[in-house]
Amino acid sequence: MADKATQSQSGARLTRRALIAGAGGAALAAPVLAQELGRMIDLGLPGGPSLRPLQPAFPGKRDMIVQRIRPPLLEAPMGVFREGVITPNDRMFVRWNWDMPTAITAAEHRVAVGGAVKAPVSLTLDDIASAGEHVEVVAINQCAGNGRGLSEPRVTGTQWGNGAMGCAKWTGVRLKDVLAKAGVKEGATRVRFAGLDVPLTDGAPQFIKSIPLDIAMRDDVLVAWAMNGEALPLLHGYPLRIVVPGWFSTYWVKMLSTIEVLTGEDDSYYVAKSYRMPARPITPEDKDFDTVSITTMPPRAFITSHADGEGVALGKPLTLEGIAMGGDAALARVDLVGEGWEVPCELGPDEGPYAFRRWRVTLPAVTQDLAKIGVRAANATGAVQPDALNWNPSGYARNVIERITLVAQ
Amino acid sequence: MRAAATILAPVIALALAGCESQPQVTFTDVSVTLPDDPIDLPEGPGRQAVLENCTACHSPSTLLQQPRVSREKWESIAAKMIEVYKAPVDEAAIPAIAGYMVAVQAAGADAD
C-alpha cells in the first residue's frame, strides 16, 4: 500500500502488473477489516446493506461515516446538524473522485490560468491572495448524490445517506479577479477547473469541471483558501478550492491547479457524460432519455430534533426543530406536513441565501402517533420540495420530502 | 492501518493580521497520513478475479456496500470500468467478477 501511495503522489500511473501486485500484497498483509471497525451506524438504506463504520479515523476528522477509505468518501452523521447552521470542519463530508496528493508545498503550488485568455499566467498562492478583495460567503456544500442510498428502487454509486452536505463560511478572492490576471478573451463561454487529483490509470478521464462564464463572473463565486476561518484542510482541497454558492459541490474543484477558459461547449467526461440527470421525469423502466448536467441545488429540509421511530409524550406539547435550505435561492418557507395536514414553521436567523437556516415548530399537544411527517421547504423562486422522489438512475439531486414517524406514548 | 491517522503538520497557520487593507494570508506546507485500505473480501468463487481486477481502485468495503443488483448490471459496470475509466480489467474475468458479486450479495441478503 505504501508503494501505491508513493506512486500516486509522484504522479506515476499504475500498470496492470502494479495493480495486481498492489492488490495481492495488500491481501496478504491485511487482517479482517470488519472486526477492527468497532462502532457502526445504520443509515436506514432500503433493502440494505445499511451499516457503515465510523472508522478508521482520518486526519482532522471526528466520527465520520466511512463510505470509502481510498479515495476518501466520508459522510456526516445527521446528528451533526442538530445545532447551529455552520458545520464544523472536522464534521464536513469529504468526497474525492480520484486519489489526491497527501502533501502540499505551498511555495511550489501554482494555479495556471489559460485557454481563451489574453495572456496565460501561472499564479503563486500569494498572487491569488492578492488578486482582489477578500470575500466571505456562507454556503452549503452538498454532493450531487447526497441521499442516493435512499433511492427506491436502489441505484449503484456511493451509497450516501443524507449527510453528504454541510454549511461553512468560505473565504477567498473572487474568481473573476483571478481571471482578470490573465484577461478573458472575447467569445469565452465557460471556465473549467482542474485540481491535483489524478486518475490511477492511463487514459481515464481527469476530474475536471466547468461552469458557464456568467456564473464564473458572479460576485460570490470564489477561489477560496479558508473554511470557517481556518485554512482549508487538505481533505477539503488545500490550498485552494472553487466555491459556487447554490451549485452542487461537484463544481467546487479542490486543490485547484488549473483554470481554463473555454470558447465552446465542454465535452469532457465529467460534464458531457457524467453528473447528468434526465431532462424530464422518467420511470425506472425508461432506457432512452435526454439528459442535462446537474447544476443548481433544489430546496431541502430535515427534522434534526427527532429520529424515525422515536417516542413522543402523549398529551404534551411537542417542539420539532431542524435545518432547511433554499438551494440556489433564499429559503422562503418551511412547513411541517403530515397526512392531510400542514403547519408553518418559524425560521431562525438568516445567514444568507446559500446557508442552512434553522426552523422550529411547536404542536400544542400530541394526540396520536405522528405518522409520516416531514418538513417541506420552498425557496424564493417558488421551487417546492415534492411529495414523490424524482427518481433517476444516478440518484442525483434528491429533494423529496423526508418523512419520519413519531410514536405517541 | 493502526489507530488514528496523524496530521504531520498540525499547525496550519492562517494569519488574519493587518488592519489597513487586505488581511495577510499565510500558506504553510501541509502533509497528512491517510489510513490504509485493508483488503477484506469474503471467500468464494471469483474472489481472486475481484482481487486482481477491482480492488486496486475500489475499497472492498465499498464493493460490499453496494445495493443488490443483477448479474447483468455487474457485468455492465465492469465493462464501463474498461471503456470509460480505462481500467486494466481482464475481460475474460468479468463473468467471474459478476458471479462473485452476485453470490456475496445473495449471502449478505440471506444473513439480514
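The model is predicted, so local features need pLDDT of at least 70 and side-chain atom pairs count only at pLDDT 80 or more, while totals for chains, interfaces and linings use all residues. Residues are numbered from 1 along each chain as its sequence is written, and chains are lettered from A and ligands numbered from 1 in the order in which they are written.

**Chain A overall**

- Chain A holds 7 helices and 27 strands, where helices (H or I, at least four residues) and strands (E, at least two) are DSSP runs numbered from the N terminus.
- The radius of gyration of chain A, taken over C-alpha atoms, is 22 Å, which agrees with the value near 22 Å that a compact globule of 409 residues would have; the globule rule is 2.2 Å times the number of residues to the power 0.38.
- Along the principal axes, the C-alpha atoms of chain A fill a box of roughly 70 × 55 × 45 Å.
- Of the 409 residues in chain A, 46% are buried, a residue being buried if 20 or more other C-beta atoms lie within 10 Å of its own, exposed if 12 or fewer, and partly exposed in between, with C-beta atoms placed from the backbone.

**Nonpolar cores**

- The largest nonpolar core has 105 residues, and those with the most contacts inside it are A:I128, A:V223, A:I242, A:V243 and A:V375; such a core is a set of buried Ala, Val, Leu, Ile, Met, Phe, Trp, Tyr and Cys residues joined through C-beta atoms within 7 Å.
- Strand β13 of chain A (residues 222–227) supplies the largest share of this core, namely 6 residues.
- Leaving aside residues up to four places away in sequence, A:V223 touches A:I128, A:G172, A:V173, A:L175, A:V178, A:L240, A:I242 and A:L256.
- A second, separate core of 19 residues includes B:I39, B:A56, B:C57 and B:M101.

**An open sheet in chain A**

- In chain A, 5 strands form an open sheet of mixed pairing in the order β20-β27-β26-β22-β23, two strands being paired if DSSP finds at least two bridges between them.
- The edge strands of this sheet are β20 (311–312) and β23 (342–344) of chain A, each of which pairs on one side only.
- Strand β22 (residues 331–337) and strand β26 (residues 370–379) of chain A run antiparallel and are joined by 6 bridges; within β26(A), A:A378 is the bridge partner of A:R333, and A:N379 is that of A:L331.
- Strand β27 (residues 403–408) of chain A also runs antiparallel to β26(A), through 3 bridges, and A:R403 in β27(A) stands opposite A:G374.
- Because 7 of the 10 residues of β26(A) are buried, this strand is largely enclosed by the rest of the structure.

**Two individual residues**

- A:V334, found in strand β22 of chain A, counts as buried because it has 27 C-beta neighbours inside 10 Å.
- Not counting residues up to four places away in sequence, A:V334 touches A:A301, A:A324, A:C345, A:L347, A:W359, A:V375, A:R376 and A:A377.
- The C-alpha atoms of A:V334 and A:R360 are separated by 9.1 Å, although these residues are 26 residues apart along the chain.
- B:D90, in the loop between α3 (71–83) and α4 (94–111) of chain B, counts as partly exposed because it has 15 C-beta neighbours inside 10 Å.

Notes. Two residues are in contact if their C-beta atoms, placed from the backbone, lie within 7 Å.
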